[in-house]
Amino acid sequence: MKNWQMLIGIVGFVALAIVGLLATVDMAYAYTSSNNVTGQVTVPAECMLSLNTSSIGFGSVAAGTNTGATNQVVNVTNNGNAQATNTTTRGTQWSDGGVNNFVVGQTQYSTSGFTYGAGTALTASDVVIAGGNLNKLASLQLYFGVAVPASQNPATYNQTITVTMNC
Amino acid sequence: MKNKIKVLVLLGMLLSATLSIASAEFGQTAGVLDFGTLKLGENKTLTYWVVNPGETTIDVNTYYVGNTVSVSPANFTLVPHSQQQIDVTATAEHLGSFSGKVRALGHERGASGVVVLQTEMEKNFVYKVSLSLKTEVCLLLIALTIIFILLYIVYESIIRRRR
């Protein structure tokens with residue numbers, strides 16, 4: 001074997017050794033970097049309508065009278081992390097489940113305590129509540145009162161009030 | 001004596017815990033459902049979530065007000081700490097701009113009383129409808145044909161006058 005052939009052989013061997021070493025280092029690096037776990041979590045913007053109670057009651061109210069300055073209070077809270085742009089309320093007519101009923105507007109509400117007559121009459125369609133653009137964790141109070149028409153038949157009357165939040 | 005007091009205090013705590021009714025919580029992911037511009041005849045579905053993070057079961061009815069969209073599912077139940085995806089599909093039937101609201105009305109199961117309170121979540125939607133590409137090309141061809149015919153008529157009348 002001639003000297004130049006040996007030289008080529010040695011150079012080739014060294015080159016292969018270097019390539020192998022580099023590959024090993026690369027693999028080791030790749031193995032090490034695979035230990036770096038990155039996580040991602042997306043927190044969605046939400047608004048969350050929360051009422052402090054699922055029902056209210058006015059007790060016994062005589063025909064031809066009203067609840068005066070005694071209000072039933074409901075806390076409305078936005079427990080979400082996004083602003084609610086519009087909060088509205090509406091109601092159904094008062095009914096005993098049979099033939100006896102009286103109009104929804106006999107119920108009045110306000111965002112502060114009031115004497116019956118000074119509140120806003122509840123309606124069957126949605127009405128925007130003043131101050132109803134609730135930021136996250138913000139709340140407002142709804143105060144309710146009712147008047148029973150004169151000569152209304154004695155019975156237990158029920159109503160459904162809906163609070164709607166937009167976001 | 002001390003043990004009796006402890007028992008009474010524990011009973012009191014138990015009673016107050018039993019009497020405190022968990023309030024209903026009802027929420028949804030925020031944001032407007034913007035369908036963008038749809039081609040006539042096209043339909044597109046966007047989704048959002050309604051959530052019940054509270055301790056009560058809520059029966060939900062979905063519906064829309066304003067311009068027409070389809071909302072699915074129409075009725076479902078949210079058990080405590082659950083969520084439901086709502087699919088809203090807009091179908092481009094007429095040209096123009098459209099908007100409305102999708103609502104999810106929640107009835108807290110077991111709620112009773114003289115005045116029952118309901119919670120409702122509302123979401124705005126918007127979409128526009130434009131002509132489809134095929135219709136636009138057809139209209140363009142018709143317009144070009146009319147222009148060509150008019151030009152031909154004018155050309156013919158000029159030629160006749162010269163003769």
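Because the model is predicted, local features need pLDDT of at least 70 and side-chain atom pairs count only at pLDDT 80 or more, while totals for chains, interfaces and linings use all residues. Residues are numbered from 1 along each chain as its sequence is written, and chains are lettered from A and ligands numbered from 1 in the order in which they are written.

Chain A has one helix and 11 strands. Helices (H or I, at least four residues) and strands (E, at least two) are DSSP runs, numbered from the N terminus. Buried residues make up 26% of the 167 residues in chain A. A residue counts as buried if 20 or more other C-beta atoms lie within 10 Å of its own, as exposed if 12 or fewer do, and as partly exposed in between; the C-beta atoms are placed from the backbone. Contacts are defined by C-beta atoms, placed from the backbone, that lie within 7 Å. Among contacts in chain A between residues at least 6 apart in sequence, 77% join residues at least 24 apart.

Chain B is divided into domain 1 (24-130) and domain 2 (132-163). These bounds come from an automatic or database domain assignment. The C-alpha centres of the two domains of chain B lie 50 Å apart.

The two chains touch. In total, 26 residues of chain B are in contact with 29 residues of chain A. On the chain B side, strand 1 (25-29) and strand 9 (115-130) are the elements that give two or more residues. Strand 9 of chain B gives the most, with nine residues. By class, this side has 12 nonpolar, 10 polar and four charged residues. Here Ala, Val, Leu, Ile, Met, Phe, Trp, Tyr, Cys and Pro count as nonpolar, Asp, Glu, Lys and Arg as charged, and the others, Gly among them, as polar.

Strands of a sheet pair through backbone hydrogen bonds, either parallel or antiparallel. Two strands are taken to pair if DSSP finds at least two bridges between them. Nine strands form an open sheet in the order 8(A)-7(A)-10(A)-3(A)-1(A)-1(B)-3(B)-7(B)-5(B), with antiparallel pairing. Its edge strands are strand 8 (120-121) of chain A and strand 5 (70-72) of chain B, and each pairs on one side only.

Strand 1 of chain B joins strand 1 (residues 46-51) of chain A through five bridges. There, A:Glu46 has B:Thr29 as its bridge partner. Two bridges also join strand 1 of chain B to strand 3 of chain B, where B:Gln28 is partnered by B:Val50. Five of the five residues in strand 1 of chain B are buried. B:Glu25, B:Gly27 and B:Thr29 point one way, and B:Phe26 and B:Gln28 the other. Further along, 10 bridges join strand 3 (residues 43-52) to strand 7 (residues 82-91) of chain B. B:Thr45 stands opposite B:Thr89.

Strand 9 of chain B also pairs with strand 2 (residues 55-56) of chain A, antiparallel over two bridges. A:Ile56 stands opposite B:Val115.

The largest nonpolar core has 40 residues, of which B:Val88 and B:Phe125 touch the most other members. Such a core is a set of buried Ala, Val, Leu, Ile, Met, Phe, Trp, Tyr and Cys residues joined through C-beta atoms within 7 Å. Strand 9 of chain B gives the largest share of this core, six residues. Beyond its neighbours within four places in sequence, B:Phe125 has contacts that include B:Val32, B:Phe35 and B:Val88.

Note on methods:
Two residues are in contact if their C-beta atoms, placed from the backbone, lie within 7 Å.
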